[in-house]
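Here are my notes for your next look at the model. Have the sequence and the 3D view open side by side while you read.

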Amino acid sequence: MDIKKAAVLGAGVMGSTIAAHLANVGIPTYLLDIIPKDVSKEEEARGLTLEDKVVRNRLADQGKKGLLKAKPAALYSKENAGLITAGNFQDDMELLKDVDWIIEVVVENLSIKKQLFKKVNEHRREGTIISSNTSGISINAMIEDMPQEFKGHFLGTHFFNPPRYMKLLEIIPADETKPEIIDFMMHFGERVLGKGVVLAKDTPNFIANRIGTYGLLMTARQMAQQGLSISQVDAITGPAMGRPKSASFRTLDLVGLDTFVHVAKNVYDNSDDEEEKAVFTVPQFMNDMVERKWLGGKTGQGFYKKERTPQGKEILVLDYNNLEYKPKEKARFASLETAKNAPGSSVDKLKILVNGKDEAAKFAWETMKKGLLYSAAKVPEIANDIISIDKAMRWGFNWKFGPFETWDAIGLEKSVARMKQEGEEIPAWVEELLASGNVSFYKKEEGRLYYYDVETKAYQPVVAKPEIVNLSDTKKAGKVIKSNSGASLIDLGDGVACLEFHSPSNAIGADIVQMINYSVEEVEKNYQGLVVGNQGKNFCVGANLMLLLMEAQDENWDDINFIVKGFQDACMKMKYSRKPVVAAPFAMTLGGGCEISLSSHKIRAAAETYMGQVEIGVGLIPGGGGNKEVLIRYIEGITDPKADLQPFVNKAFEVIAMSKVSTSAKEAKNLHLMRETDGITINQDYLLYDAKETVLAMAKEGYQPLSPKDIRVIGEPGYATLKLGTYTMRQSGYISKHDEKIANKVAYCLAGGLVPANTLVSEQYLLDIEREAFLSLCEEPKTQERMIHMLKTGKPLRN
């Protein structure tokens with residue numbers, strides 16, 4: 001089986017963004033929708049009628065055009081929109097015979113879906129996979145009237161919004177879906193679409209929305225019982241409980257309250273359990289909000305809204321008792337503050353919070369307790385195992401831990417005893433687990449992870465995929481070659497080593513530089529190649545800014561020169577290593593992190609890689625060879641010694657001087673921060689494995705180290721041209737005087753200084769003038785102001 005072409009039926013927000021993600025991974029996709037009932041005023045003014053294709057395709061075209069403006073970006077690169085072809089349900093259904101996968105994403109109405117599938121069946125060829133993106137309508141009910149062959153190729157594929165960024169994909173087979181179709185779609189979803197795939201059962205709202213909606217409704221109920229405010233609840237139910245910063249009500253504002261109410265109503269309408277119906281009854285104040293169109297971000301107000309005041313923007317929060325907005329108040333709870341400020345892991349903070357004695361602790365415990373018990377009660381109704389539920393909540397709701405992982409973290413025995421004491425009913429299988437002498441849902445034996453299986457009443461091994469490398473487990477298995485406070489060199493097997501950064505924020509300091517040097521030397525002697533990668537929050541956000549600021553404030557210019565020279569030398573050591581070096585960047589890959597990637601022989605990046613040289617934001621320029629490497633990438637394809645380099649250097653200048661950061665690995669290629677020969681991994685879980693395979697492939701092909709080459713530069717005339725551009729920007733009021741000074745330093749480095757045009761210079765010469773420019777900016781008081789501002793606020797200052 002293979003999916004070479006797809007069709008998405010329904011061009012609303014969800015349909016168009018699913019089409020975008022298919023285009024992101026290179027799949028040509030038809031995006032079809034209904035024909036409008038009337039021509040618009042604009043179309044009428046142009047003399048168009050309902051017979052014109054542009055009118056008939058209007059809804060699908062609007063869906064496609066909306067992708068180009070979407071924030072966050074739905075497309076890896078705007079050029080991917082070219083893979084999407086708009087059409088309509090009347091004129092273009094015959095196109096379905098050419099596709100391998102048809103995805104239905106129309107309105108959540110069973111009757112409409114059934115009618116559409118009958119029409120689909122008239123045009124699809126046998127063997128084509130069909131799926132629905134429904135968020136909770138019965139998969140079997142949709143196809144009860146369809147032929148057997150159709151049923152065998154049908155299943156639910158529930159993406160979470162926005163599809164590009166949300167990891168979860170729930171696969172929901174119908175009763176008669178062929179096993180090979182299920183297996184293929186799970187593999188395809190994971191490896192090609194980059195999703196975390198879980199197998200769900202055909203029950204209302206499947207897994208994540210069933211558990212998540214229950215939790216949010218219990219949160220609203222407990223809030224009213226304790227008399228807490230919306231902002232207080234969001235303070236409690238955020239990171240302190242292992243949940244995202246958007247917590248509860250900010251999450252609902254993002255999702256849309258109408259969507260949430262619809263999902264809750266779906267369980268209410270399809271449940272035979274009166275107690276569950278009561279739980280899934282939406283609070284009246286939420287129904288009132290829906291009636292008033294206070295749905296969240298998409299209508300400008302929901303549980304929160306922004307108002308302009310003479311002092312700037314003010315965030316107001318809803319008082320659910322009277323549906324009036326008031327200024328947001330700061331939540332003040334001793335247990336919450338203690339948990340936030342406590343050293344240790346997220347688990348330690350959660351334990352402190354739920355075991356406290358104030359209202360926040362009570363709220364956290366009561367809502368968490370109800371969620372844990374409900375999750376356990378729904379096994380095996382909604383999923384075959386606890387792993388699927390834990391993954392669904394982590395991937396679909398961005399929880400740090402799933403329900404059963406959370407229960408283990410707070411202590412299963414102790415928490416169950418407390419629940420019983422409070423009169424709660426414990427699901428029978430949890431009682432059985434404890435009665436048999438077990439104390440957790442998960443356990444590790446001889447380095448292998450096991451989970452408790454409800455059906456067999458025994459622990460089963462969690463299936464480990466060799467393609468998913470876990471550096472933490474690898475280190476525990478004794479594979480560390482050498483380590484210091486900032487980085488470790490780890491044996492990945494098969495003759496490949498991995499240099500892992502693990503300093504705070506993976507910021508580059510002397511310890512990482514030391515490990516870069518050691519790693520290259522060790523790999524050259526004893527290994528086939530090196531991967532530079534880690535599994536932190538971000539690949540690397542740049543240099544240790546605090547250290548640099550302190551040295552600058554103490555005017556230790558020789559020390560700064562030594563530090564920068566050391567980093568430049570380490571990057572050059574990687575670049576000219578006798579063994580292949582592959583960088584595996586992901587997420588934020590900024591400043592020095594970008595320079596390390598640029599110094600590798602190949603990059604294998606996660607699709608979601610945000611790469612750029614952003615030093616100007618702190619008043620500096622790239623100092624580790626970033627100017628040189630960006631320059632090389634923009635001119636390396638130019639072989640004619642008489643060709644004018646200025647237009648290419650101008651582009652390189654824009655990338656650095658404007659602090660351009662890619663919104664994806666694909667865009668990093670467009671910015672020349674990655675080469676066309678560099679690879680992209682859609683599912684980040686596979687990134688280190690893919691990078692390792694890249695190293696092995698390079699070694700097998702007989703990798704030959706690079707030889708230094710002189711670089712032709714635009715020299716003094718080109719520098720003058722670049723300076724004219726910065727002067728014009730300054731005179732037009734687009735940049736400050738200090739911005740101009742920094743940009744001119746970038747221009748100087750990219751031009752090769754004040755040498756004649758077309759002079760050939762060495763890489764070391766470019767590094768030396770880059771380091772000199774970097775040091776001169778460190779001395780500037782305005783640069784130090786920017787560094788302080790960045791450290792305090794995390795945002796750049798334009799002074």
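A quick word on terms before the points: buried means under 20% relative accessible area, exposed means over 50%, and partly exposed is in between, with a 1.4 Å probe and protein chains only. This is a predicted model, where local features need pLDDT of at least 70, side-chain atom pairs count only at pLDDT 80 or more, and totals for chains, interfaces and linings use all residues. Residues are numbered from 1 along each chain as its sequence is written, and side-chain values use heavy atoms, with hydrogens and water left out.

1. Start with Ser-505, which is exposed because its relative accessible area is 55%. Ser-505 is not a glycine, yet has a positive phi of about 60°. Look for Ser-505 in the loop between strand E17 (496–501) and helix H23 (510–526). Helices (H or I, at least four residues) and strands (E, at least two) are DSSP runs, numbered from the N terminus.

2. Glu-555 also deserves a look: its phi is positive, about 55°, although Glu-555 is not a glycine. Glu-555 sits in the loop between helix H24 (545–553) and H25. With a relative accessible area of 56%, Glu-555 is exposed.

3. Staying with loops, Lys-579 is in the one between helix H25 (557–575) and strand E19 (581–583). Is Lys-579 buried, exposed or partly exposed? The relative accessibility of Lys-579 is 23%, so Lys-579 counts as partly exposed. Leaving out residues up to four places away in sequence, Lys-579 touches Val-523, Glu-524, Tyr-527, Gln-528, Gly-529, His-601 and Tyr-703; contact here means heavy atoms within 4.5 Å. His-789 is another matter: Lys-579 and His-789 are 210 residues apart in sequence and 41 Å apart in space, C-alpha to C-alpha.

4. Check the two prolines below. A cis peptide bond joins Lys-71 and Pro-72, with omega about 0°, and Pro-72 lies in the loop between helix H4 (58–69) and strand E3 (84–88). The bond from Val-379 to Pro-380 is cis too, with omega near 5°. Pro-380 is in the loop between H17 and helix H18 (386–397).

5. Now for helix packing. Two packed helices are described by the angle between their axes and the distance between the axes. Helix H16 (residues 346–354) and helix H17 (residues 359–377) pack at about 110°, with axes 7 Å apart. Axes are lines fitted to C-alpha atoms, for helices over the stretch in contact, and angles run from 0 to 180 degrees between N-to-C directions. H16 and H17 are therefore roughly perpendicular to each other. The cut-offs are under 35 degrees for roughly parallel, over 145 for roughly antiparallel, 65 to 115 for roughly perpendicular, and oblique for the rest.

6. What meets what between H16 and H17? Leu-350, Leu-353 and Val-354 of H16 meet Ala-360, Ala-361, Ala-364, Trp-365 and Met-368 of H17. By class, this contact of H16 with H17 has 8 nonpolar, no polar and no charged residues. Ala, Val, Leu, Ile, Met, Phe, Trp, Tyr, Cys and Pro count as nonpolar, Asp, Glu, Lys and Arg as charged, and the others, Gly among them, as polar.

7. Next, helix H27 (residues 626–635) and helix H33 (residues 763–778): their axes come within 8 Å and cross at roughly 135°. H27 and H33 are therefore oblique to each other. Gly-626, Asn-627, Lys-628, Glu-629, Leu-631 and Ile-632 of H27 make the contact with Glu-763, Leu-766, Leu-767 and Glu-770 of H33. These residues divide into 4 nonpolar, 2 polar and 4 charged.

8. Last, helix H31 (residues 715–731). In H31, Gly-715, Gly-718, Tyr-719, Leu-722 and Thr-726 are buried. They cover an arc of only 105° around the axis, which puts them on the same side of H31; the arc is that of the directions from the helix axis to the C-beta atoms. On the other side of H31, Leu-724 and Gln-731 are exposed. The cover over the buried residues of H31 includes helix H28 (646–657) and helix H32 (737–751). After H31 comes Gly-733, with a positive phi near 85°.
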